Amino acid sequence: MNTGFPKLGFFASLRLRWYLLLRSVLHWWVKAKVLPSPFEDLDIDRDKPICYVIDSYALSSVLILDKSCQKLGLPRPLWPLQHQTGTESRAYLALRRKKGLLIRRTTPRSHSETLQRMVNQVSSGEEADIQLVPVTVLIGRAPDKETGLAKIFFTESWEIGGRINRLINSLINGRSTMVQFSSPISLRELTDEGLGASRSLRKVSRILRVHFRRVRSAAIGPDRSHRRTVIDRILVSPAVKSAIAESARKKKTTKKKARKQARKYAYEIAADYSYAFVRIASFILTWFWNKIYDGVVLQHFRSFQKLAPEHEVIYVPCHRSHIDYLLVSYFLYNNGLVPPHIAAGINMNLPILGRFLRKGGVFYLRRSFRTHKLYSAVFQEYLSRILASGTSIEYFIEGTRSRTGRLLQPKAGMLSMTVRSYLKSPGRPVMFQPIYVGYERLVEGNSYIAELSGQEKKSESLGDLLRVFRIVKQRYGKVHVSFAEPIFLDDLLGKHSPEWREEVLEEQQKPAWLNPLCNELSQRIMTSMNEAAHVNAINLLSVILLPMKKQAMGREDLAEQLSLYLNLLERCVYSDRITHTQKTAEEIISYGLELGAIEVREDPLGDIIAINPDQAVLLTYFRNNISHLIALPSLVASCFLNTRVISRTDLRRIALAVYPFLKAELFLPWSQKDFLRTIDNHVEWLQGQGLLWEGAEEDLLERGEGSSEEAQKLRIMAHAQIQTFERYYITIAVLAKNGSGALARSELETLCIQTAQRISQLSEFAAPEFYDRNLFRQFIALLRESGALATNPDGKLEFSERINQLNDDAKFILSKDIRRAIMHAAPQVLQPSDDKKAESE
């Protein structure tokens with residue numbers, strides 16, 4: 001590629017030098033951020049002619065593009081484009097141009113003349129190929145560290161300003177410029193479709209117009225109407241008008257009053273998005289992240305970025321912290337995409353703060369409004385409006401922040417409303433984008449410790465903002481934001497209702513397939529989140545140290561166990577989006593000490609690494625972040641806790657018996673067949689590590705002697721999830737002790753919680769979720785779904801032989817002492833006949 005000054009005629013050379021002089025002056029203050037990153041993802045063939053395409057001509061855009069291409073080592077747009085049949089005077093073209101000195105208007109034309117020549121040359125075979133590279137230049141779009149009112153008001157928008165506006169924008173916002181390159185379009189591939197030159201020209205022009213509109217929409221958001229206008233349109237929609245009339249009839253009031261109430265609801269709900277506020281927020285958040293985090297790592301973003309312009313995106317992150325939605329919005333904005341509208345609970349609509357959050361795209365909803373028809377109609381219509389307008393949306397289907405570190409069971413309400421909104425007005429296809437957010441330390445750590453220790457949850461208040469001054473003085477490690485495999489709504493609709501496009505639904509009608517679709521969608525979202533997890537140093541330290549009796553290990557033993565888990569993550573791949581720390585075992589220990597999660601206790605025989613006592617409860621949170629990754633190796637290892645030898649047949653049978661419960665609780669991804677294959681893979685890995693080997697007889701597996709180093713490593717791995725298995729056995733033990741048909745569901749739940757709480761008090765340490773009512777309730781529900789439990793006419797639970805089988809299998813996983821302690825602690829409920837007998841005596 002020739003990078004020297006091209007050979008040109010006198011006037012062409014003079015004009016080019018003038019442009020280069022202007023470019024030099026312009027770049028005294030213009031600083032462009034080039035996307036995507038890494039740039040190599042675009043796969044541009046530098047050996048073929050390259051012509052850059054911009055949407056609307058502006059000299060400043062061309063000069064900025066030329067500087068960016070020079071830095072990237074690409075052909076220069078200001079240089080002539082040389083190809084087989086001749087030379088174009090420049091290597092760029094614009095789809096639109098404006099004419100006029102003072103009042104400039106867009107010249108109407110169907111296509112660029114330069115583009116027409118190129119298509120004709122490739123179509124006729126005179127030219128082998130030309131690559132068209134679409135480029136979007138947005139001034140005042142990329143975040144920077146400086147701010148000011150002028151910068152905010154003269155920023156990129158949907159209005160294509162004139163020369164004066166462009167000049168002012170370049171002067172003020174030049175250091176906040178984004179240059180977005182897109183994947184090249186091969187004219188050879190296009191003309192090979194056999195459409196002919198004229199049709200190929202129309203097609204490529206249409207492709208480019210749609211592309212620029214979508215990229216611009218993704219970068220600065222769709223062209224939004226004023227909030228008041230949106231609300232006015234909501235109130236005159238058929239669904240809301242019907243709800244207003246119904247409300248007036250039921251409450252025996254006038255339609256005017258009911259309409260006034262509907263308007264009040266709409267203002268309570270609606271966001272008031274402001275480009276200016278988003279820019280201000282980006283400056284503040286840049287400072288905030290640099291203060292508290294050692295870095296934020298964005299993973300698997302490029303694959304998502306390629307799909308985003310073609311879809312309406314619904315972001316569905318896991319909910320670990322209030323930082324979640326700030327991080328997601330910030331990094332979308334920082335990488336050239338518009339921040340989404342975010343659904344937040346009405347509890348976040350605090351004085352002053354609530355208004356600012358609206359400016360950032362937050363809209364509010366009440367926790368429950370199923371029975372409130374008017375509010376429900378207004379909210380549903382608002383959601384439909386913003387979705388139809390091309391606005392991306394973000395919400396947390398867990399409903400609230402997880403206090404235990406596990407993913408919570410999803411609530412399908414928002415999913416259902418999103419699907420119904422799309423059915424009402426299908427536009428671009430909807431893509432759900434699950435996002436995993438992993439922390440090494442939580443800013444809400446102290447409040448979580450208090451809640452996990454039994455204190456009541458405190459409501460959000462303005463006083464919480466004062467905590468920011470304490471937060472910025474501390475170090476919180478790194479954050480990993482990982483984009484999971486997206487889920488496409490059209491695919492699910494085609495599966496559940498193949499004729500959904502032709503199906504005509506009434507305003508409030510819910511098709512029979514809607515709930516099954518939303519349930520499947522919610523499970524797939526949660527599973528996808530887990531499949532994109534990042535395993536950090538604190539996760540691994542928590543998994544190993546928490547189950548130890550004193551929550552401590554010798555430094556060398558800990559390093560060996562850490563190396564074992566690192567090898568497990570490399571060899572037994574959970575999914576291709578799982579990532580893990582690249583630190584060595586010793587580096588992990590040092591890092592844990594730096595963050596204060598663990599401490600060193602000096603000992604004459606070697607250092608002991610122990611969990612900081614103040615951090616023990618909170619570290620269960622970080623262990624639970626990766627429970628789904630350690631569940632299977634822990635299950636396999638648990639089968640060897642009480643025996644040295646077990647047959648593969650028994651191991652697979654026990655694993656299969658437990659798997660439905662683990663799958664529902666931890667959102668595991670495998671079918672029964674794939675699960676057994678994965679179990680075999682883990683057994684093979686354990687054999688490769690020398691922790692298991694083939695027994696004396698066929699089908700047998702054997703571990704080392706109880707005091708051996710290999711047996712100790714296997715025991716530590718088994719205990720990583722042992723409390724989950726203990727919780728299952730508590731339910732089984734309470735059922736077995738009381739007998740079939742003796743307990744109602746609520747009684748069983750209560751007795752299980754009481755048993756778990758008692759065992760927790762008698763144990764050295766038990767995680768707070770050990771006696772979580774919701775987990776017991778879920779386990780009981782799964783037993784009922786599987787047919788192991790059934791409710792008789794008296795409302796009592798009767799159990800099948802499967803309960804007895806699960807009870808027998810517990811001897812493989814749980815030690816005799818643990819089983820005895822559970823059976824001893826499990827209470828019985830006196831039957832009515834026993835009560836009468838006791839009274840007579």
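Modeller: Start with strands. Two strands pair if DSSP finds at least two bridges between them. Helices (H or I, at least four residues) and strands (E, at least two) are DSSP runs, numbered from the N terminus. The model is predicted: local features need pLDDT of at least 70, side-chain atom pairs count only at pLDDT 80 or more, and totals for chains, interfaces and linings use all residues. Residue numbers start from 1 along each chain as its sequence is written, and side-chain values use heavy atoms, without hydrogens and water.

Colleague: In what order do β24, β25 and β26 stand in their sheet?

Modeller: In general, strands pair through backbone hydrogen bonds, either parallel or antiparallel. Here the order is β24-β26-β25, in an open sheet of three strands with antiparallel pairing. β24 (645-647) and β25 (693-694) stand at the edges with a single partner strand each, so one side of each has no neighbour in the sheet. Three bridges join β24 to strand β26 (residues 700-702), in the antiparallel sense.

Colleague: Which residue of β26 is the bridge partner of Val-645?

Modeller: Glu-702 is the bridge partner of Val-645.

Colleague: What lies across these strands?

Modeller: Helix α26 lies across β24, β25 and β26, and runs at about 75 degrees to β24.

Colleague: What is the strand order in the sheet that holds β27, β28 and β29?

Modeller: Read β27-β29-β28, an open sheet of three strands with antiparallel pairing. β27 (743-744) and β28 (789-791) are the edge strands, each pairing on one side only. β27 and strand β29 (residues 796-799) run antiparallel and are joined by two bridges. Ala-744 has Lys-796 of β29 as its bridge partner.

Colleague: Now helix packing. At what angle do α25 and α26 pack?

Modeller: Two packed helices are described by the angle between their axes and the distance between the axes. Axes are lines fitted to C-alpha atoms, for helices over the stretch in contact, and angles run from 0 to 180 degrees between N-to-C directions. Helix α25 (residues 627-638) packs on helix α26 (residues 648-666) at about 165 degrees, with the axes 10 Å apart. That makes α25 roughly antiparallel to α26. The classes are: under 35 degrees roughly parallel, over 145 roughly antiparallel, 65 to 115 roughly perpendicular, the rest oblique.

Colleague: Which residues of α25 and α26 make the contact?

Modeller: Contact means heavy atoms within 4.5 Å. From α25 come Ser-627, His-628, Ala-631, Leu-635 and Val-636; from α26 come Leu-651, Ala-655, Leu-662 and Leu-666. By class, the contact of α25 with α26 has seven nonpolar, two polar and no charged residues. Nonpolar here means Ala, Val, Leu, Ile, Met, Phe, Trp, Tyr, Cys and Pro; charged means Asp, Glu, Lys and Arg; the others, Gly among them, are polar.

Colleague: At what angle does α25 pack with α28?

Modeller: Helix α28 (residues 709-719) and α25 pack at about 125 degrees, with their axes 7 Å apart. α25 and α28 are therefore oblique to each other. Pro-633, Ser-634, Ala-637 and Ser-638 of α25 touch Leu-714, Met-717 and Ala-718 of α28. This contact of α25 with α28 divides into five nonpolar, two polar and no charged residues.

Colleague: At what angle do the axes of α8 and α10 cross?

Modeller: Helix α8 (residues 227-235) and helix α10 (residues 255-269) cross at roughly 135 degrees, their axes coming within 10 Å. That makes α8 oblique to α10. Arg-227, Arg-228, Ile-231, Asp-232 and Leu-235 in α8 meet Arg-259, Ala-262, Arg-263, Ala-266 and Tyr-267 in α10. The contact of α8 with α10 has five nonpolar, no polar and five charged residues.

Colleague: How many salt bridges does the structure hold?

Modeller: Side chains of opposite charge can pair when their charged atoms come close. The cut-off is a side-chain nitrogen of Lys or Arg within 4 Å of a carboxyl oxygen of Asp or Glu. The structure holds 39 salt bridges. One of them joins Lys-359 to Asp-272, with the closest N and O atoms 3.1 Å apart. Lys-359 lies in helix α14 (residues 353-359) and Asp-272 in the loop between α10 and α11 (275-292), so the pair ties together parts 87 residues apart in sequence.

Colleague: Last, the backbone. Which peptide bond is cis, with omega near 0 degrees?

Modeller: Most residues other than glycine have a negative phi, and most peptide bonds are trans. The bond from Leu-35 to Pro-36 is cis. Pro-36 sits in the loop between β1 (32-35) and β2 (50-56). Gln-551, not a glycine, has a positive phi of about 50 degrees. Look for Gln-551 in the loop between α21 (537-545) and β20 (552-554).
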